[in-house]
Amino acid sequence: MLNNLLLELFYNFIPKTECQHDKVSPMSDGEYCPDCGRYIVNEWYITRCKCCGVRLQSVKKGESIIPAEKFCHNCGGSDYYLEKLSKIDFVNINYAVLIKRAMEDGTFVRTTQCWQDEENEGSPVLKLLPFFEKKHNI
Ligand SMILES: [Zn+2]
Ligand SMILES: [Zn+2]
């Protein structure tokens, strides 16, 4: 049991290799992430009470967006629905959850090809890799 706990702690400390696109501004509709080069679209979601429609403080839990509180502060209902905001404003930003979605291949592919011209004219010198002879000591 202790081992499981340690293992869990250990895994929590492993840095995530997946890019978090931290440099992409939350206020832009979409831009390229300078860290991973993928096109990132900001999507804002809020949850609303199904009963009275009031907006609820929303949190991200795993891959889903849920209300932070179990019951609606206005009517006490527990049902909610998810609403995608087309634009964030200063009222909704306090309730909404931001999802930075990377456009995957096929949706938003931009290919850039670069050529680098040889700076020094003339024949390029090819460097040969040093050859190491394996010595067998018997
Ligand atoms: Zn990124
Ligand atoms: Zn309600």
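**How confident is the predictor in the protein chain, as a mean pLDDT?** The mean pLDDT of the chain is 79, and 64% of its residues reach 70 or more; pLDDT is the predictor's confidence in each residue, from 0 to 100. Over residues 108-117 the pLDDT falls below 50, and this stretch has two contacts in the model beyond near neighbours in sequence. Where pLDDT is low, the predicted coordinates should not be read in detail. This is a predicted model, in which local features need pLDDT of at least 70 and side-chain atom pairs count only at pLDDT 80 or more, while totals for chains, interfaces and linings use all residues. Residues are numbered from 1 along each chain as its sequence is written, and chains are lettered from A and ligands numbered from 1 in the order in which they are written.

**View 1. The whole chain has one helix and seven strands.** Helices (H or I, at least four residues) and strands (E, at least two) are DSSP runs, numbered from the N terminus. From that end, the elements run α-β-β-β-β-β-β-β. Of the 138 residues, 10% are buried; a residue is buried if 20 or more other C-beta atoms lie within 10 Å of its own, exposed if 12 or fewer, and partly exposed in between, with C-beta atoms placed from the backbone. Two residues are in contact if their C-beta atoms, placed from the backbone, lie within 7 Å. Among contacts with a separation of 6 or more, 50% are between residues 24 or more positions apart.

**View 2. His21 sits in the loop between helix H1 (2-13) and strand E1 (30-32).** Look here for a positive phi of about 55 degrees, although His21 is not a glycine. Most residues other than glycine have a negative phi. His21 counts as partly exposed because it has 18 C-beta neighbours inside 10 Å.

**View 3. Strand E2 (residues 39-49) pairs with E1 in the antiparallel sense, over three bridges.** Two strands pair if DSSP finds at least two bridges between them. Tyr32 has Tyr39 in E2 as its bridge partner. Six residues separate E1 and E2 in their hairpin, and Gly37 in the turn has a positive phi of about 80 degrees.

**View 4. Two bridges join E2 to strand E3 (residues 55-56), and the strands run antiparallel.** Here Arg48 stands opposite Arg55. This hairpin has five residues between its strands, with Gly53 in the turn at a positive phi of about 80 degrees.

**View 5. E2 also pairs with strand E7 (residues 97-102), antiparallel and over six bridges.** Val41 has Arg101 in E7 as its bridge partner. Strand E6 (residues 80-85) is likewise antiparallel to E2, over six bridges, and Ile46 stands opposite Glu83 in E6.

**View 6. The largest nonpolar core has five residues: Trp44, Ile46, Ile65, Ala96 and Val97.** A nonpolar core is a set of buried Ala, Val, Leu, Ile, Met, Phe, Trp, Tyr and Cys residues joined through C-beta atoms within 7 Å. Beyond residues up to four places away in sequence, Ile65 touches Tyr45, Thr47, Ser58, Lys60, Leu82 and Val97.

**View 7. Val59 lies in strand E4 (residues 58-61).** Val59 counts as partly exposed because it has 13 C-beta neighbours inside 10 Å. Neighbours within four places in sequence aside, Val59 is in contact with Ile66, Ala68 and Val97. The C-alpha atoms of Val59 and Ala96 are separated by 7.7 Å, although the two residues are 37 apart along the chain.
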